[in-house]
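Hi,

Here is the structure I promised to pass on to you. Please have a look at it first, and then read my notes below.

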Amino acid sequence: MSATTSQTPPPSVYGAVQLGYVLVDSPRLADWKRFAAEGIGMAIGETTPTTLALRTDAHARRLIVRMSAKEDIALGWQVGGHAALQTILARLAARKIVVEEVAGEEAALRGVAKFWRFLGPKRQAFELFTEPEVAPPVKTLVSAFVTGERGLGHVAITTRRPADMIAFWREIFDAKISDYIEDRISGVDLHFTFLRVNPRHHSIAVAATKGIVIDPFATKIQHLEMQAATLDDIGAAYRRCRGLGFKIAMAVGQHPNDREVSFYAVTPSGFYFELGWSSEGDSEAEAWPQVTHQGISVWGHKPQDQTLGDKLAQIRNGVTSLLRTEYSPF
């Protein structure tokens, strides 16, 4: 008679990961200052001729804009503790994904003691850290930004290799699928997969075309989202962005899955910024039915300042994406 041996399940890092900061490289530092501080309502933590650091809460740096000749973006993911970090690094090593440990000025720019950097799908720069620099309370034009264990917000990324992108998130970060959305936007059929790594409904949204596989967005991410504490915050920020002359990609509307009321503004770097509010709390996160919603919005979210040139640019981006091989470590 053979004895059975019990196997210890592999450790999970679900709930130990959250979006911690976003670093934008851009030549448009002054425009970013107007957009993020005067429009969206973040507080300025530090400003120099080459750097703009913005705050939303106790973290000393949540959105950092660095003067650069070209546009780029890096996503900083906060990992809760040494054990979770080592689990993620081991998974990256198993996939032969090269990771660089960085300290010094580069880390200080991000408001961390050190971070671990690697390239993820679509050559998106990912950075891992464990302890953020904190600072005294700060006053923002928004009554409060919703962060905590849910993190800074979420990002949406368009891809020609959605299966690889989703596998990356599920294997490296133990992401769970919350739900899906299908819609036809600007003449293109899209399928969205919403993934969560903590109680936030999603920290990453993966968007892909159905049928002909194209990528209509030239930017690394399609949008960055942050959440405000009240519905009034959304209306006030919308009016500020309009008054400052920033283009609104999609007017105020409500999504069917996380029930978020939001609008999308076009950032100085070309990707969208979504500011939203939702009455749903953390406790609902594990109860989302894994269904496919038809339509990105229950109401609203109508294109507002999109020009013929914008539409032609998306078509051009989609066509040229067919000529490129999208990088994937999977």
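Predicted model: local features only at pLDDT ≥ 70, side-chain atom pairs only at ≥ 80, totals over all residues.

Is Asn257 buried or exposed? Its relative accessibility is 3%, and because buried means under 20%, Asn257 counts as buried. If we set aside the neighbours within four places in sequence, the residues in contact with Asn257 are Asp179, Ile181, Phe194, His201, Trp288 and His293.

Next, please move to Glu326, in the segment after helix H6 (308-321). With a relative accessibility of 12%, Glu326 counts as buried too. Which residues does Glu326 touch, leaving aside its neighbours within four places in sequence? They are Lys122, Thr159, Arg160, Arg161 and Asp215. For Glu326 and Ala135, the separation is 191 residues in sequence and 39 Å in space, C-alpha to C-alpha.

There is also a pair of helices to look at. The axes of helix H2 (residues 82-94) and helix H4 (residues 162-173) come within 9 Å, crossing at roughly 130°. That angle makes H2 oblique to H4. Where the two meet, H2 brings Ile88, Arg91 and Leu92, and H4 brings Glu171, Ile172 and Phe173. Sorted by class, this contact has 4 nonpolar residues, 2 charged ones and no polar ones.

Finally, here is the chain as a whole. How many helices and strands does the chain have? There are 6 helices and 18 strands. The radius of gyration is 20 Å, close to the 20 Å that the globule rule gives for 330 residues, so the chain is as compact as a globular protein of that length. The C-alpha trace spans about 75 × 50 × 40 Å along its principal axes.

Of the 330 residues, 54% count as buried. The chain exposes about 14,600 Å², and carbon and sulfur atoms supply 56% of that area. As for contacts between residues at least 6 apart in sequence, 69% join residues at least 24 apart.

I hope you enjoy exploring it!

Best wishes

Conventions
Residues numbered from 1 in each chain as written. Heavy atoms only, no water. Axes fitted to C-alpha atoms, helices over the stretch in contact; angles between N-to-C directions. Helix = DSSP H or I, 4+ residues; strand = E, 2+ residues; numbered from the N terminus. Parallel < 35°, antiparallel > 145°, perpendicular 65-115°, else oblique. Contact = heavy atoms within 4.5 Å. Nonpolar A, V, L, I, M, F, W, Y, C, P; charged D, E, K, R; others polar. Rg over C-alpha atoms; globule rule 2.2 N^0.38 Å. Buried < 20%, exposed > 50% of the residue type's maximum accessible area, 1.4 Å probe, protein only. Areas by Shrake-Rupley, 256 points an atom, 1.4 Å probe, with all protein chains shown as cover.
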